[in-house]
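Please keep the structure open while you read them.

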Amino acid sequence: MQTAFMNPKIAEQLRERYGTPLYVYSQEEIVKNVQEVMNFPSPFGLTPRYAMKACSTAAILLLLQERGMWFDASSGFEAERAIMVGIEGCRMSVASQQFPNNIKYLVEQGVHFTACSLNQLKQYGNLFPGANVALRINFGIGSGLHAKTNVGGPAASFGVWIDAIDTAIEIAELYQLRITKLHSHIGSGAESELWLAASRAALSVLDKFPDVNTLNLGGGFKVKRHSNDIPDDLQKIGGDISQLLLEFHEKSGRKIKLEIEPGAYIIASAGNLL
Ligand SMILES: *Cc1c(COP(=O)(O)O)cnc(C)c1O
C-alpha cells in the first residue's frame with residue numbers, strides 16, 4: 001500500500017538494507033496521531049492510554065512514553081513485558097479477562113488495577129484490602145467492526161453486568177476498597193454515537209460511587225483502513241462528551257476526569273509490512 005511514508009522507492013531501499021519481510025513504522029505518523037489523541041477535549045483532565053495490544057513493539061512503547069502517553073494492558077503478562085522494556089508501572093493500568101497471577105509484582109511496580117468481574121474484585125480485595133480500584137462495568141452498550149470486536153453488549157463477557165452494580169459495591173465495602181474509577185468498554189471501531197451513550201450510562205450511576213473521580217471510556221476509535229472509511233472525529237466525540245461532563249459538574253459539583261484508550265488509532269496508519 002502506498003502511504004505518506006511508504007512508496008516503491010523507499011520500499012526498495014528498505015529491502016536492500018534490511019531484507020524482507022520487514023515491519024516498518026513511521027515515527028512521524030505515530031507522533032502526529034499521539035498529538036490528536038492528546039488534544040481530545042476534556043474539561044477536567046485527560047489521561048490517554050495506549051491500548052498496547054494494538055502493537056507492543058518495545059521501540060514504539062518507549063516512543064509513546066517519551067511523548068507522554070499512558071498505557072492500558074489487557075493482561076498481566078503484557079504489563080510485565082512492558083515493564084521489562086522500560087515502561088513505568090505507574091503509567092499503566094491493567095484490565096484483564098483473567099485475574100493476573102503476577103498482580104503482586106505489578107502493584108509493587110505501581111500498576112493500577114481494573115476489576116473486570118465480581119470475582120476479580122473479591123480476589124483483589126483479598127490481597128489488597130483498603131486499596132483504590134477501578135471497576136469495569138458492562139452497560140449493555142457496544143458495537144464494533146464485527147461481533148468479535150464488539151465487547152460491550154449483552155453477549156460480551158467484559159465487565160460487571162449493569163444489574164450487578166450493587167453487589168460490586170457490597171464486595172468493595174467488605175474489603176474496604178475505594179472504587180475511584182469506572183471503566184466501560186464499547187468495542188473496537190465502535191459507532192461514534194455510542195461514546196455518548198456509554199458516557200451517559202456511566203454518569204447515571206455515579207450517585208452510587210461517591211469516590212469515583214475518573215471515567216475511562218474504553219474502546220477503539222475508528223481509523224481509515226480502506227479508501228472509503230470515515231475515521232472518527234475525536235474533536236467532535238470529545239466535545240460532546242465534555243458537554244455531558246460539564247452538565248454533570250453543574251448538577252453534582254463533581255469534576256470527572258476522562259481516560260481514553262486508543263490502540264489502532266495511534267498505530268494502524270503508521271505501520272507497513274513489507
Ligand atoms: C483493544 C482495546 C482498546 C483499543 O482498541 P483499538 O481498536 O485497538 O483502538 C481500548 N480499550 C480496551 C479496553 C481494549 O481492550
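1. Gly 86, which comes just after helix 4, takes a positive phi of about 110°; please bear in mind here, and in every point below, that this is a predicted model.

2. Helix 4 itself spans residues 76-84, and its buried residues are Gly 76, Glu 78, Ala 79, Ala 82 and Ile 83. Seen down the helix axis, these buried residues fall within an arc of 165°, so they line one face of helix 4. An α-helix has 3.6 residues a turn, so residues three or four places apart point the same way. On the other side of helix 4, Phe 77 and Met 84 are exposed.

3. What covers the buried residues of helix 4? The cover includes helix 3 (58-66) and helix 5 (103-108), together with strand 3 (70-73) and strand 4 (92-94).

4. His 185 has its place in strand 8, residues 178-188, and it counts as buried because its relative accessibility is 15%, where the cut-off for buried is under 20%. The side chain of His 185 reaches the backbone nitrogen of Gly 219 at 3.4 Å, and a polar atom of that side chain also lies 3.4 Å from an oxygen atom of the ligand.

5. The ligand is surrounded by 14 residues, and the closest are Lys 53, Ser 188, Glu 261, Gly 263 and Ala 264. An N or O atom in the side chain of Lys 53 is 2.6 Å from an oxygen atom of the ligand, while a backbone N or O atom of Gly 219 lies 3.1 Å from a nitrogen atom of the ligand. Of the 380 Å² of accessible area that the ligand has on its own, the protein covers 92%.

Notes: Residues numbered from 1 in each chain as written. Predicted model: local features only at pLDDT ≥ 70, side-chain atom pairs only at ≥ 80, totals over all residues. Heavy atoms only, no water. Buried < 20%, exposed > 50% of the residue type's maximum accessible area, 1.4 Å probe, protein only. Helix = DSSP H or I, 4+ residues; strand = E, 2+ residues; numbered from the N terminus. Arc of directions from axis to C-beta. Contact = heavy atoms within 4.5 Å. Polar contact = N/O pair within 3.5 Å; in protein donor to acceptor, adjacent residues only side chain to side chain. Near = heavy atom within 4 Å. Areas by Shrake-Rupley, 256 points an atom, 1.4 Å probe, with all protein chains shown as cover.
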